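Please consult each point with the structure in view.

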Amino acid sequence: MGFKRNKSENEGDEPKPAAVETEKKRKGILPSMIKNKDKRAAVHAKLKQEKKLEKRKKVKARDAAEKRALELGEEPPARGVPKTIENTREEDETVCRPDDEELFAGNDADEFSAVLKHGSNPKILITTCRFNSSRGPAFIEELLSVIPNSTYYKRGTYDLKKIIEYANKKEFTSLIVVHTNRREPDALLIIGLPSGPTAHFKLSKLVLRKDIKNHGNPTSHKPELVLNNFTTRLGHRIGRLIQSLFPQEPNFRGRRVVTFHNQRDFVFFRHHRYIFETKEVKQAEAKGKKTKDSKAVTVTEAKPIARLQILTGFPILNTQECGPRFTLKLISLQHGTFDPRGGEFEWVHKPEMDTSRRRFFL
């Protein structure tokens, strides 16, 4: 049974204005809570416009503060660093440190030290899976132009263990197996010889040289190698495995560069040629002094120092992609040579490991 509250009990409560109540309700309502499609779109557009105006006000206030500080001869306030997935990654104990003596001691005794210390030149054997596709040989042909001192052998019906034994007898330092599925290369197996390790990569987004617009043709010079963002112990090991595929003394006259860029555990491969920018300047005689015999002289000036050097201090280069272009994703790293049944794995990617977008392993 209900009862009425006395007026004396409500005398201390101050009545809230209707406008304040409406404003709170409006702020509490999200566009996703509105069932009407047109009204939901209108509320979303309004909220988006409000955020845009607020952001613009902050930018104007920041620019005004910087201008005021420069006028007074003071140091302008430091700009905030935008948050990205890379700089907000989860902390990892395996990240390599510059003063890690154990890491450098391990480099001197690992499987790649013989090649990386110029003890032997890299010698690469490239083959395919048993059931090859039409696009696989085209990809292998471009790999042969990228990796110096590499040789292609047809797989046939030979078992992979027999191929590894043959490669060891012929003193190859690495073995690359290109796996294809549905007429498309979809995986790479890189095996260090004679004692491993074996890295299994998923291959995606393959673009051959002929499909790259304004592509260049590579020369036979030894390329320069660039490895980016291999920061953890696992990434360091993968970087040394990739480094062991290329000669350690590049020929800089060839102006070739091969890049393996790791970002969010995806390794992007690019192959470029570069050259210093040049400028053609037409020199003519001054007005009023032209004669019939005077001709415009075209002079080609090397311009290693370009217009942006005033701001940055770096020369501008022209680059031309030579191809191919593809992306690698590490699936597993195994001790020793390829042994899917009895082999010991150093690292295997599993779906339950992907607990956060900010957790990286390389």
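1. Two residues are in contact when heavy atoms of each lie within 4.5 Å. Leaving aside neighbours within four places in sequence, Ile238 is in contact with Ala199, Phe201, Phe230, Leu330, Leu333 and Leu362.

2. Basis of the note. This is a predicted model, in which local features need pLDDT of at least 70 and side-chain atom pairs count only at pLDDT 80 or more, while totals for chains, interfaces and linings use all residues. Residues are numbered from 1 along each chain as its sequence is written, and side-chain values use heavy atoms, with hydrogens and water left out.

3. Overall composition. The chain has eight helices and 13 strands; these are DSSP runs numbered from the N terminus, with helices (H or I) of at least four residues and strands (E) of at least two. Of the 362 residues, 31% count as buried, where buried means under 20% relative accessible area, exposed over 50% and partly exposed in between, for a 1.4 Å probe and protein chains only. Among contacts between residues at least 6 apart in sequence, 66% join residues at least 24 apart.

4. Nonpolar cores. A nonpolar core is a set of buried Ala, Val, Leu, Ile, Met, Phe, Trp, Tyr and Cys residues joined through side-chain atoms within 4.5 Å. The largest such core has 37 residues, and Phe139 and Ile238 have the most contacts inside it. A second, separate core has 11 residues, including Leu125, Leu160, Leu175 and Val177.

5. Strand β1. All five residues of β1 (residues 124–128) are buried. Ile124, Ile126 and Thr128 point one way from the strand, and Leu125 and Thr127 point the other way. Strands pair if DSSP finds at least two bridges between them. β1 pairs in the parallel sense with β2 (residues 150–152) over three bridges, and Tyr152 in β2 is the bridge partner of Ile126. β1 also pairs in the parallel sense with β3, over five bridges; here Ile124 stands opposite Ser174.

6. The largest pocket. On a 1 Å grid over the protein atoms alone, a pocket is an open set of points with protein on both sides within 12 Å along at least five of seven lines, a cavity is a set of points where a 1.4 Å probe fits but cannot get out, and lining residues have an atom within 4 Å of a point. Grid points are joined across faces, edges and corners, and a volume is the space filled by probe spheres set on the points. The largest pocket holds about 330 Å³ of space. Its lining has 15 residues, of which Arg155, Leu160, Val177, Leu189 and Phe338 lie nearest the centre. Two or more lining residues come from each of α7 (160–169), β3 (174–181) and β4 (184–192), and β4 gives the most, with three. By class, the lining holds nine nonpolar, two polar and four charged residues; Ala, Val, Leu, Ile, Met, Phe, Trp, Tyr, Cys and Pro count as nonpolar, Asp, Glu, Lys and Arg as charged, and the others, Gly among them, as polar.

7. Ser113 is found in helix α5 (residues 113–116) and counts as buried because its relative accessible area is 13%. Beyond four places in sequence, Ser113 is in contact with Asn107, Asp108 and Arg240. Glu321 lies in strand β11 (residues 317–321) and, at 14% relative accessibility, also counts as buried. Not counting residues up to four places away in sequence, Glu321 touches Ile212, His215, Gly216, Arg270, His271 and His272.
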